[in-house]
Amino acid sequence: MKFYSTRDSEQKKFDSALVIKQGLADDGGLFIPESIPSLSEKDIKELAKMTYPERAAKILSMYLTDYTYDELLSDCKEAYCETSFPGGAAPLKNVNDNIYSLELWHGPTAAFKDMALQIMPRLLSRALVKTGEDKTALILVATSGDTGKAALEGYKDIDRIKIMVFYPESGVSKVQKLQMATQTGNNVNVCAIKGNFDDAQTGVKKIFSDSEAHKVFAENSYILSSANSINWGRLAPQIVYYVSAYCDLLNSGDIKFGETVNVCVPTGNFGNIFAAYLAKLMGLPIAKFICASNANNVLTDFLRTGTYDRNRKFHLTMSPSMDILISSNLERLLCFTAGTDETRAYMKSLSENGSYTVSDATKKAIAENFVGYFADEVDTAKTLKKYYDTYGYLADTHTSVALDCAEQYIKETGDTKKMIVASTASPYKFAADVYKSITGNAATSDTDALDELSALTNTEITYPLRNLTERKVNFTTVIESEDMLEAVYKFM
Ligand SMILES: *Cc1c(COP(=O)(O)O)cnc(C)c1O
């Protein structure tokens with residue numbers, strides 16, 4: 001299996017190890033597989049009998065063909081072990097007649113980013129060897145909160161890798177900030193920037209495409225690499241849990257083989273939902289993808305009108321990991337649907353005007369699979385409370401956005417197929433907003449909210465979030481977004 005850039009008409013091909021090492025293509029595009037491996041009925045039935053690490057190794061081996069199955073299996077077993085995921089890697093919980101919650105947050109940072117970032121450093125480590133690389137990999141991450149911490153946990157103390165994380169100073173929750181500021185490890189750095197997530201992401205992308213900077217890095221024996229969801233090594237492991245969820249539904253007898261299900265994903269950078277789409281292209285019986293957004297509903301508008309327009313007000317919401325106006329992974333969907341030339345033109349327009357409009361054919365093709373809904377702050381809180389009161393299901397704010405959108409979709413279409421809703425964070429990660437949504441009252445403080453939510457709901461604080469305030473703060477730097485490159489040089 002080879003990969004090429006979403007912006008390259010020639011479709012020059014690269015191996016997966018190189019693609020994982022490099023992150024972003026030289027032309028600024030994203031790597032995509034040249035073909036989609038298929039899962040037969042027999043494959044899916046075999047997967048259903050396997051453990052999660054075995055399912056993961058099998059699916060990854062279809063894309064990462066320059067890794068051996070044994071390498072992948074060993075990495076998957078370590079990544080998705082019982083110690084890291086005491087609640088199971090990706091358990092599927094039945095919520096009501098229609099809805100199943102695919103809980104992706106039982107890992108070391110209590111958010112779904114762990115699903116990819118526990119395995120990705122292992123893949124990168126092997127990629128350095130496979131590509132004969134003798135330099136140290138310098139990972140740069142822009143985060144809206146969850147990626148940063150998950151990447152720090154995944155990469156800390158790994159040989160020949162250093163990691164630097166940038167987050168928007170006022171765009172992440174107090175708990176997220178504490179999680180990152182108290183990070184340990186001898187190869188990590190954390191830096192807040194003045195601005196929003198897009199400023200951070202744009203800053204990182206700029207460094208990646210700065211050829212002068214690359215020379216400086218090389219002279220110091222570093223190569224740049226990314227852990228953002230633009231990296232194929234992040235995306236591939238996310239395909240696994242959709243296949244796994246389908247297997248679990250088969251095993252529990254909730255569906256018969258071949259029965260189609262819908263998937264609803266709380267979406268920011270379009271990585272998670274795109275991975276679900278790849279599962280469908282591989283043959284998993286999925287009908288529709290419900291793309292759920294918060295008040296930053298640029299994707300809802302795009303899916304409804306065909307125009308992507310980032311020139312709009314940016315909202316800080318209680319689902320901050322979805323506060324995004326540039327959804328990078330959408331580029332992969334555009335390329336799959338419209339090819340490299342159209343994609344390159346759209347991305348040029350996006351960078352020059354902040355908007356683009358896709359052709360009617362492209363819009364129609366996307367609409368066959370994707371529908372967009374959004375939930376504002378009031379509806380997110382209402383739905384969170386309703387699911388707790390009515391179904392006894394405690395959701396975080398991001399999951400609640402998705403639950404609200406799933407309900408809107410069901411109500412509007414009458415489509416009652418089983419719906420897998422991706423649950424992307426522990427309710428404790430956003431405890432203050434969860435507590436307020438349920439009770440109508442503010443918690444004493446963002447950090448006290450953890451104990452208060454625990455007492456209110458009689459549930460245990462998710463393991464990575466216990467004793468957060470007692471840990472030592474190691475990082476306090478705040479910089480302007482223009483100074484990001486300089487900060488990286490300093491760290492190097
Ligand atoms: C990152 C994140 C999302 C958005 O996922 P994308 O792959 O960027 O669409 C949603 N919810 C939570 C809790 C997240 O951390």
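For the class counts in these entries, I take Ala, Val, Leu, Ile, Met, Phe, Trp, Tyr, Cys and Pro as nonpolar, Asp, Glu, Lys and Arg as charged, and the others, Gly among them, as polar. The model I examined is predicted.

**Entry 1: second largest pocket.** On that scheme, I find nine nonpolar, four polar and five charged residues in the lining of the second largest pocket. I record about 330 Å³ of space in this pocket. Its lining has 18 residues, and those closest to the centre are Q22, D26, F208, H214 and L224. I traced the elements next: α1 (16–22), α10 (211–219) and β8 (222–226) each give at least two residues to this lining.

**Entry 2: largest pocket.** I note about 530 Å³ of space here. The lining comprises 21 residues, with R7, K205, I326, L350 and S351 nearest the centre. By class I list seven nonpolar, eight polar and six charged residues. Both α9 (197–208) and α14 (330–353) contribute at least two residues each to this lining.

**Entry 3: ligand.** I located the ligand in the largest cavity. Around the ligand I count 15 residues, the closest being K113, D146, G268, N269 and T424. This shell divides into five nonpolar, eight polar and two charged residues.

Entry 4: A polar side-chain atom of T424 is 2.8 Å from a ligand nitrogen. A backbone N or O atom of N272 lies 2.9 Å from a ligand oxygen. For G271, a polar backbone atom is 3.3 Å from an oxygen atom of the ligand. I note finally that the protein covers 98% of the 380 Å² of accessible area that the ligand has on its own.

How values were computed. Residues numbered from 1 in each chain as written. Predicted model: local features only at pLDDT ≥ 70, side-chain atom pairs only at ≥ 80, totals over all residues. Heavy atoms only, no water. Near = heavy atom within 4 Å. Polar contact = N/O pair within 3.5 Å; in protein donor to acceptor, adjacent residues only side chain to side chain. Areas by Shrake-Rupley, 256 points an atom, 1.4 Å probe, with all protein chains shown as cover. 1 Å grid on protein atoms, 1.4 Å probe; cavity = no way out; pocket = protein on both sides within 12 Å on 5 of 7 lines; lining within 4 Å. Sits in = over half its atoms within 2 Å of the grid points. Points joined across faces, edges and corners; volume = space filled by probe spheres on them. Helix = DSSP H or I, 4+ residues; strand = E, 2+ residues; numbered from the N terminus.
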